6 protein chains.
Amino acid sequence: MFRHTSDLQFEAKPEKPDALYAMKLQELIGGAFGEMTVTMQYLFQGWNCRMEGKYKDLIMDIATEEIGHVEMIATMVGRLLEGAPDDVTAEAVKEPAVAAVVGGMNPQQAIVGGGGALPVDSAGTPWNGKYIVASGNLMADFRANVAAESQGRLQTARLYHMTDDPGVKAMLQFNLARDTVHQNEWLAAIEQLQEDGLEGPVAPDDLFEEENQAHARTHWHLSDGGEADQGPWASGQAPDGRHSFEYMADPAALGGKASAPAPRPHQYVTSR
Amino acid sequence: MFRHTSDLQFEAKPEKPDALYAMKLQELIGGAFGEMTVTMQYLFQGWNCRMEGKYKDLIMDIATEEIGHVEMIATMVGRLLEGAPDDVTAEAVKEPAVAAVVGGMNPQQAIVGGGGALPVDSAGTPWNGKYIVASGNLMADFRANVAAESQGRLQTARLYHMTDDPGVKAMLQFNLARDTVHQNEWLAAIEQLQEDGLEGPVAPDDLFEEENQAHARTHWHLSDGGEADQGPWASGQAPDGRHSFEYMADPAALGGKASAPAPRPHQYVTSR
Amino acid sequence: MFRHTSDLQFEAKPEKPDALYAMKLQELIGGAFGEMTVTMQYLFQGWNCRMEGKYKDLIMDIATEEIGHVEMIATMVGRLLEGAPDDVTAEAVKEPAVAAVVGGMNPQQAIVGGGGALPVDSAGTPWNGKYIVASGNLMADFRANVAAESQGRLQTARLYHMTDDPGVKAMLQFNLARDTVHQNEWLAAIEQLQEDGLEGPVAPDDLFEEENQAHARTHWHLSDGGEADQGPWASGQAPDGRHSFEYMADPAALGGKASAPAPRPHQYVTSR
Amino acid sequence: MFRHTSDLQFEAKPEKPDALYAMKLQELIGGAFGEMTVTMQYLFQGWNCRMEGKYKDLIMDIATEEIGHVEMIATMVGRLLEGAPDDVTAEAVKEPAVAAVVGGMNPQQAIVGGGGALPVDSAGTPWNGKYIVASGNLMADFRANVAAESQGRLQTARLYHMTDDPGVKAMLQFNLARDTVHQNEWLAAIEQLQEDGLEGPVAPDDLFEEENQAHARTHWHLSDGGEADQGPWASGQAPDGRHSFEYMADPAALGGKASAPAPRPHQYVTSR
Amino acid sequence: MFRHTSDLQFEAKPEKPDALYAMKLQELIGGAFGEMTVTMQYLFQGWNCRMEGKYKDLIMDIATEEIGHVEMIATMVGRLLEGAPDDVTAEAVKEPAVAAVVGGMNPQQAIVGGGGALPVDSAGTPWNGKYIVASGNLMADFRANVAAESQGRLQTARLYHMTDDPGVKAMLQFNLARDTVHQNEWLAAIEQLQEDGLEGPVAPDDLFEEENQAHARTHWHLSDGGEADQGPWASGQAPDGRHSFEYMADPAALGGKASAPAPRPHQYVTSR
Amino acid sequence: MFRHTSDLQFEAKPEKPDALYAMKLQELIGGAFGEMTVTMQYLFQGWNCRMEGKYKDLIMDIATEEIGHVEMIATMVGRLLEGAPDDVTAEAVKEPAVAAVVGGMNPQQAIVGGGGALPVDSAGTPWNGKYIVASGNLMADFRANVAAESQGRLQTARLYHMTDDPGVKAMLQFNLARDTVHQNEWLAAIEQLQEDGLEGPVAPDDLFEEENQAHARTHWHLSDGGEADQGPWASGQAPDGRHSFEYMADPAALGGKASAPAPRPHQYVTSR
Ligand SMILES: [Ca+2]
Ligand SMILES: [Ca+2]
Ligand SMILES: [Ca+2]
Ligand SMILES: [Ca+2]
Ligand SMILES: [Ca+2]
Ligand SMILES: [Ca+2]
């Protein structure tokens, strides 16, 4: 069960409105790596976590924080939209700066949201449940979490350079910091999973005898770039400590023809 | 530019058809972490890669291999669907084993695909472009690649236990092996990025002075589980070597009220 | 079965083209509360209606009118796009008013639609079947209809203020009027359902004995705003005439720990 | 900002697992009217609400409760999936009861979720942001809330009859009760909005002079059912107290031909 | 503007209910080539048609017929769902025939639709606006129409073999016939477009001087199958009467390296 | 299995960057008729093709070429985005030409893609698997291929007129040429299917005895345009050589009332 306090985790006050930036900032709300994603990803991971204790508690702490991040950025978007020139017709535009705003705003923030944030990204695409990952395997999921926080911090960093507003920048400095912490936390949790003997560096940590061992260490060179054999992935010991990489410079197909079986009667699939 | 050979990378012949399993195996074609995803993810990463050389060559080699994985699994699905009882009416079903198949098949594989594989997952949801990540930041992207191969191997391992067919198991043993190699390769590439001084453990490797430093190391305890302070993420040095974790046992909101600004005239937003 | 007449239900002639507005007006075609939604929502409600007679006839009359509304607005969009400057390159733009149009147009109306309306909303998102509601329960569905017409009139009102074109305004004045009528009609139908003894104020009108009666009247105060107890929802008789509201100022969780069960063997879900 | 307690709002313990029902219950998590929808709908409405005070506090209280409903049902789904026969091959099925389960389960709950709940509905379709409504106009939005709680209670009632499990029924009895309260609360809030003079029965409460008054009261009879004139929507005073309904038995189109304008050069639109 | 008559274009009465088939038949309502698609495709083509006269009249006649096809099949689906065993628990299933139905039904037809048709396909995926094509170029669009009616008749033919119900078969015999007529009509219209001198066999009928003429007749042999040179596409005159096909047995790439440009500062794209 | 060469099929070098055009050109990558669609459409058709030989070889040759088209256009988009003014704030805009770019760019190409191409269309909508057709019936599928190449060439032609850049125009001249060839090839293959006796002009080539013959030749005149009887579809022999068209000037509905059956108990569908 959850509780809510009306104060924001961190202040979200722009110095002045900026409807063009409000459109861009939607990426951090409803984008594939926005705050709705990490909120739902961590909530479902926490709810589906099979071990009581430190890992589940870690997940639920961060999940709960993330709901507040959606709130913080939605509040910022609403404030950036204050007084947006959404009823200015193109014909009335006399200034290039206004033209950029009138041409670039997301009209749905006005028509649908009445000047409020929407659960969409910076291109207006709605958030959807396929953005999240919650498999129950903590190694696989924590790696997805590191990846999500990395893309999140990257997008935040890009957005940081697209504004001069000190209020917006202050909030983004907080977001950058939280993305730094969260990357570090998931990285630490990945190390801990291995130290606790719960998972290994290849996820999931099983079926190594059953998998096709001849093909568990080879790099297939299938493009014609000349330097793929010059990285540590082409020779030497693999990160899992189990395999030695091998570079196949000119690999041949191992299977037979990619043919399809005879069709069923009455399927009207063309055949002789 | 690409070229194609008609032979499969590895054999994909089931001992006998199994329409129920054909539905499940679609997850590895059109699922969020299926072969269409890694194909498109690596292709776009390769095309958008800004450095000629070993990283780009690595990406393009694996990307090209993945197109062949879609082919391999699509061929297997087509063969598993051979003679599928898609025109058996429920009333005609006299055996529980047949009932399970008739009730569980994906009807679109027959009605739409004529007994062939579809670009959808095991629930029939179509693949979409939001499944892929190609940001141009190799650290952020390689982490997404490790995560994708981890989820992919996990799903393959689960599917491995859902069949007794030796032909299917042989193909999945190959897939498991390739997912092992690819996890190792992306992990090796992540290490190499750092050794080459291109990226650090926090992605992107910048803005550490600008980010809000007071909040770049704290864990906010916002759920009431008792053990989140017992992991390495709560104290000690963070994986980035820059920060020392700090556990905030009872953190207070730092921002003001989450209020929205006064609405525009003519937006008909309710207010006084 | 349907028949069509080539005349529009109401005139849809702009005084002059306006490609920027044509993009915005798409919201009323393919938006979540646009005319495609009410068309399909009322059609499916009518087809699935289980009682011959006045309710079904009401639904089918309005459904049939709505198809003509899609036609009317699609025609308007096509006319607003006449001569749109879709082949003007950015470099060639010398006027701010033109810049706003060139930057703000929906390129798909030109590239995909050849200057015609598309089944998308003002952000270019395609209409989809999840926008509609047709449950067979007329109370629940008529409430959804009131809600849809309310959002529809609201969006129309917002769009009304975004144009000065007398032809567009005339058509929108007609649309506003129809949304007024339709709101009134569905509200009247809701009252009638209750007068006819078919449904009560809580939908569906059953299971009042079975539902957990201790929790069928309480407001759980879970945010920290101070005034939620000052509305009629916090005390006094509820609109259904069955319950007395009760305000729980500091409610406690009633359930046990939100734990997940032990995983299956071979699912590779992390656990001890 | 939010906080979380590990106890569920209400107990969610099935007497025994039931993988087929776990698939159906997903409707209440990720369906168009499931708990994810009301959670996000109310959160965005609260964040975008322009008036501090009782309405915003009401919204945020219920929004916060709804996050806990997602948790409660996700926990139930996870427990219903315990020991699900997801690795039983069709061939091995000897009992009709098992056949129904093996054929009917959602394979993604196993393959993707590892036996946990997913952010999808009972057909496996992912939740998306277009399911929610937050326009800033409280009348329009509260009507959408009444509609959502009505569909939600209706679906819960249907699901209540699809199980015999006393633990599941106990939780659904709680959900039914909360849906009853929430319907009553939003209905009360709608009355209050009018009593407070903030909104009228037609939303939004404006543009009545501007709208086309000749068409703001007429029912267009466009289907051939014989009884649409026998309801209160065909004559007498409309619910808004402003208009008198009028039934048009054989209405004629008022507009001109639905023609499209001449195409642009180089659009290659077929014309003479 | 449209009018509706309550009688169906053709009878849609199953001899008896069949919930499993009701799920499959959804493909013809909300599938990519179902009746909702041809309805909306032809309506938008008609509304966007730039020439008054026979082509537009043809399109609008067929478009209007198609709305009635959605109605006809939706009615059939509702009747097939009569008395569907949607509240039978798996445990209660004693017969394989019932198991197939209980496992195979679409639960949303019960939970969401109350036993009515939904705007989704046979896998439960909602219909969406991207299924339709209306470009304004009649040659390109009529070809899409032939293709849609071909897929539609193919799916209808497949569904025809999946039922023994004489009532269902009678309706499908009507649908097959209409799909035959409509294929013939669009084919005739394609010939007429050319006879009228409006479009040629390559769409659009222009830019033949501008296009790269060296590459407007060559087949690039990029797979290793041995017989692609044995069809009429490899040599001889092309269907447009303008070009002679040429088979390139071992074509070489013509462009330079597929490299990406240097990144912008502050995009944090990995580069040296 | 596939192989890749680093050289592009054809050069893709703009004379200078153009971020506005880069957004538009996305239509040819991730649009419904973009290169991702034809790539996946032909690949799945080839993999599901049931006849070894010339048809399958034709399909796989073109499929493999299309992967290289995605690469070519993605490379072009990346180069058009070089130095895009994505961090220019609206306020800083002093020139109308810059305003058009700043307002019109796709922000996701910067925020998400780091200046690279995305798997989306010109409105930012992600590519999805429902865009493709692979039914196993070659006549139906080749018609879909002709339609796809027609829409593709049409969109390319429109885009050709939206730029003055000689490098972009050169690449589009190549694309136009390939779309010409591919249209010709699929048209030739359609003729060949008939010459080989594999399929007839109505797809699928069967069930002509079973289909309702009275309705397999009639045009239902359901709109009120006056000229639908003046085309070759209204009388004379149909293209299939089997039927004579007949024009029904005032057709009557043939079926009974479109009524829905009595609801199930406990579905709470409104009825008496
Ligand atoms: Ca965050
Ligand atoms: Ca793979
Ligand atoms: Ca309307
Ligand atoms: Ca709830
Ligand atoms: Ca039809
Ligand atoms: Ca192409």
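## Helix packing and chain interfaces in a predicted model

In chain D, Tyr55(D), Ile59(D) and Glu66(D) of helix α4(D) meet Leu138(D), Phe142(D) and Glu149(D) of helix α7(D), where contact means heavy atoms within 4.5 Å. The residues of this contact divide into four nonpolar, no polar and two charged, with Ala, Val, Leu, Ile, Met, Phe, Trp, Tyr, Cys and Pro counted as nonpolar, Asp, Glu, Lys and Arg as charged, and the others, Gly among them, as polar. This is a predicted model, in which local features need pLDDT of at least 70 and side-chain atom pairs count only at pLDDT 80 or more, while totals for chains, interfaces and linings use all residues. Residues are numbered from 1 along each chain as its sequence is written, chains are lettered from A and ligands numbered from 1 in the order in which they are written, and side-chain values use heavy atoms, with hydrogens and water left out.

**Helices of chain D**

Axes are lines fitted to C-alpha atoms, for helices over the stretch in contact, and angles run from 0 to 180 degrees between N-to-C directions.

| Helix pair | Angle | Axis distance |
|---|---|---|
| α4(D) and α7(D) | roughly 30° | within 13 Å |
| α4(D) and α8(D) | about 165° | 12 Å |
| α7(D) and α8(D) | about 160° | 9 Å |

Angles under 35 degrees count as roughly parallel, over 145 as roughly antiparallel, 65 to 115 as roughly perpendicular and the rest as oblique. Helices α7(D) and α8(D) are therefore roughly antiparallel, and their contact is made by 14 nonpolar, ten polar and five charged residues. Helices α4(D) and α7(D), by the angle given for them, are therefore roughly parallel to each other, whereas α4(D) and α8(D) are roughly antiparallel.

The crossing of α4(D) and α8(D) is left-handed, as are the crossing of α4(D) with α7(D) and that of α7(D) with α8(D); a crossing is left-handed if the near helix is turned anticlockwise from the far one by less than a right angle, and right-handed if clockwise.

Helix α4(D) spans residues 54-80 and α8(D) residues 166-195, and among the residues of α4(D) that meet α8(D) are Tyr55(D), Ile59(D), Glu66(D) and His69(D), while the α8(D) side includes Phe174(D), Arg178(D), His182(D) and Trp186(D). The residues of this contact comprise 14 nonpolar, five polar and five charged.

**Interfaces between chains**

Chain A and chain B meet through 110 residues of chain A and 110 residues of chain B. Together they bury about 9,200 Å², 58% of it on carbon and sulfur atoms, buried area being the accessible area (1.4 Å probe) that two parts lose on being put together, summed over both. On the chain A side, Asp61(A), Trp233(A) and Arg264(A) lose the most area to chain B, together 8% of what that side buries.

The contact of chain B with chain D takes 45 residues from chain B and 48 residues from chain D, and the area buried there is about 3,500 Å², of which carbon and sulfur atoms give 56%. Of the area that chain B buries against chain D, Met162(B), Tyr268(B) and Thr270(B) supply 20%, more than any other three residues.

**Salt bridges**

Over all chains, the structure holds 78 salt bridges, a salt bridge being a side-chain nitrogen of Lys or Arg within 4 Å of a carboxyl oxygen of Asp or Glu. Eight salt bridges are found across the interface of chain A and chain B, and the side chains of Asp86(A) and Arg264(B) meet in a salt bridge with an N to O distance of 3.2 Å. The interface of chain B and chain D has three, and Lys16(B) forms a salt bridge with Glu91(D), with the closest N and O atoms 3.7 Å apart.

Within chain A, Arg217(A) is joined to Glu246(A) by a salt bridge whose closest N and O atoms are 2.8 Å apart. Arg217(A) lies in the loop between α8 and β2 of chain A and Glu246(A) in strand β4 (residues 244-248), so the pair ties together parts that are 29 residues apart in sequence.

**Backbone details**

The peptide bond from Ala203(A) to Pro204(A) is cis, with omega near -10°, and Pro204(A) is placed in the loop between α8 and β2 of chain A. In chain D, the peptide bond from Ala203(D) to Pro204(D) is cis, with omega near -5°, and Pro204(D) lies in the loop between α8 and β2 of that chain. Tyr268(C), although not a glycine, has a positive phi of about 60°, and Tyr268(C) is found in the segment after β4 of chain C.

Conventions. Helix = DSSP H or I, 4+ residues; strand = E, 2+ residues; numbered from the N terminus.
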